[in-house]
Amino acid sequence: MSQNELCYLTITEAAAGLRRKEYSPVELTGALLKRIESLDDKLHCFITLTAELALRQAKQAEQELRSGKDRGPLHGIPIALKDLYMTEGIRTTCHSAVLENWVPNFTATTVAKLEDTGAILLGKLGMHEFAFGGPSVDAPFPAIRNPWNTAHIPGGSSSGSGAALAAGLCYGSLGSDTGGSIRTPSSHCGVVGIKPTYGRVSRHGVVPLSWSLDHAGPMARTVEDCAIILQTIAGYDAKDPASADAAVPNFRGEIGHGIKGTRIGVPRLGWFDENLGVDRQTETTFNRALERLEELGATITEIDGKPFSHARKANQTILVCEAYAYHEKRLQQTPEKFGSSVRRRMLEGAFLSAADYITAQRARAVLNEQIRANFTRVDVFATPSAPRPPEASQPWIPTSRIFVLASLTRSISQVYLPSPRPAGLLMRTYRWACRSARDRSMKPPRFGSPRPTSRRPSGTSRDRCCNRTPAVSESFPPNQRSNRINGRLTKARPSIYSDL
Amino acid sequence: MEREITLDNLRTMAQLAGLKLADEELQRLLAGVTRSKKQVAELRALIATESEPAATFNAADGK
């Protein structure tokens, strides 16, 4: 197996290979570090590379596995973190000049859990500033590029996580999601992300954007890999006031039970038909996906999208108010340290009143009930993850455009629902039901390549890229790439189904 | 009917909030604040007198 083939293994495959002694954690880590060195000057995924630490951890994992001490599927697996997860002794910047040299003195609960299971930390990944700005134009670190087309945005705010996974620079990552920050980059980069139920994963040690909307969650190249990471990081944490003391199911063990009989609700009318950003191609592809799900035994029901549309508005109001409250002192004292994009978005919160905020929270409760009422008729909701394919990078993306990009994800952030997101198709279900939603998203047998190998991300050169047999023809441009569904070829964007 | 926010309103609110913002920046903020206020007005129409804020949410209350 070539070095670059090593880099595109799934976590499941890499873990199995480690136990078969086909390669070692040091070899996996070395291959990734080499690839990062050769590609990241084009992609800008990493803010801080922890190469020495990674190699040290890899050697330790190698010794432990050799001696029979097996800590589970992440043992010896190199991962990387969105740079808002606090890491003791390693700087945590939030992609901002405000925290450019900040070194926390403790480690986030989720990261500590990953360390305990033997995962290897490659470094800290770039993001939208404080998870709220747009692509960086005036932050101390450059904007992350989309490996599929470096002229395009990778989505955000977990941009570095999405891009690094698509480019084969890590096997798994932790992102965070307040209004779509796991789901949008997962879609734009053709990988998989899960926004779990609020309270499922600890936020302790994750720099807040909006306390009542923030979620920590996994990103990877396959649903199963996401399940492995989620299994590791989920669970009650007394250090997080919002953490729920709820039983954690066996996510991975539930995979593959079929979609037959699943009732899928599509909140089309009044929601994504009213968001002008949903383009025709996206909707066509989405409709084709629904047809396929029906063929596999699911039933599709149109449901009222109005509550979702209103929920998006409540999300925006709550988000700006809480973000401003968290950063108020810094915005008063050193506003120049914030990038112009994030500063403007946060400052909106200074001009909304306490009554405005409470109104949004009251509406949130009402809308939550209205949306949940649908679960008597359907098991999951489905929409496109993003209303359109990744757009070209530009120096300044207006706030209104950012809100449009997240227009299909914000509503779910504010009603606490989990949202497993298989690369372009956004599935949401009721609280704590991530298990069954993931099961459903897994079952349609691999719609496409398990990793973006059918067409190389453009930040990579032929000799550096994985040369696995493409699952589909390479002759289609990225936005028309074919995907194989049960042996049949259909055309779909790479962000749609590329990872199922 | 909500009263429209003006640049003067923003300037005063910024001063009260301890924010040093140039008129140019306030001008850029005006559209966003106006949109946000409009959204809040829409949300206000959805809630009944007895509606309580979601802040009382208990993450462990099941589905």
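**Group meeting: salt bridges, cores and a chain contact**

At 43% relative accessibility, Asp70(A) counts as partly exposed; buried means under 20% relative accessible area, exposed over 50%, and partly exposed in between, with a 1.4 Å probe and protein chains only. Before I go on, this is a predicted model, in which local features need pLDDT of at least 70, side-chain atom pairs count only at pLDDT 80 or more, and totals for chains, interfaces and linings use all residues. Residues are numbered from 1 along each chain as its sequence is written, chains are lettered from A and ligands numbered from 1 in the order in which they are written, and side-chain values use heavy atoms, with hydrogens and water left out.

Back to Asp70(A). Which residue forms a salt bridge with Asp70(A)? The partner is Arg19(A), with the closest N and O atoms 2.8 Å apart. A salt bridge here is a side-chain nitrogen of Lys or Arg within 4 Å of a carboxyl oxygen of Asp or Glu. Arg19(A) lies in helix α2 (residues 11-19) of chain A and Asp70(A) in the loop between α4 (51-66) and β2 (78-82), so the pair ties together parts that are 51 residues apart in sequence. Helices (H or I, at least four residues) and strands (E, at least two) are DSSP runs, numbered from the N terminus. Arg19(A) is also partly exposed, at 32% relative accessibility.

Next, Arg71(A), which makes a salt bridge with Glu64(A) at 2.8 Å, N to O. Arg71(A) is partly exposed at 27%, whereas Glu64(A) is buried at 10%. Glu64(A), Lys69(A) and Arg71(A) are linked in a network of salt bridges.

A further pair is Asp379(A) and Arg263(A), at 3.0 Å, N to O. Asp379(A) is buried, at 13% relative accessibility, and Arg263(A) is partly exposed, at 28%. Over all chains, the whole structure has 22 salt bridges.

Now the cores. A nonpolar core is a set of buried Ala, Val, Leu, Ile, Met, Phe, Trp, Tyr and Cys residues joined through side-chain atoms within 4.5 Å. How many residues does the largest nonpolar core have? It has 118, and those with the most contacts inside it include Cys45(A), Phe351(A) and Leu19(B). Helix α11 (residues 306-333) of chain A gives the largest share of this core, 10 residues. A second, separate core has 11 residues, among them Ala298(A) and Met427(A).

Last, the two chains together. The contact, meaning heavy atoms within 4.5 Å, takes 37 residues from chain B and 38 residues from chain A. About 3400 Å² is buried between them, 61% of it from carbon and sulfur atoms; buried area is the accessible area (1.4 Å probe) that two parts lose on being put together, summed over both. Between chain B and chain A there are 5 salt bridges. Lys37(B) and Asp356(A) meet in a salt bridge at 2.6 Å, N to O. On the side of chain B that touches chain A, α1 (7-16) and α2 (23-44) of chain B each supply at least two residues, and α2(B) gives the most, with 14 residues.
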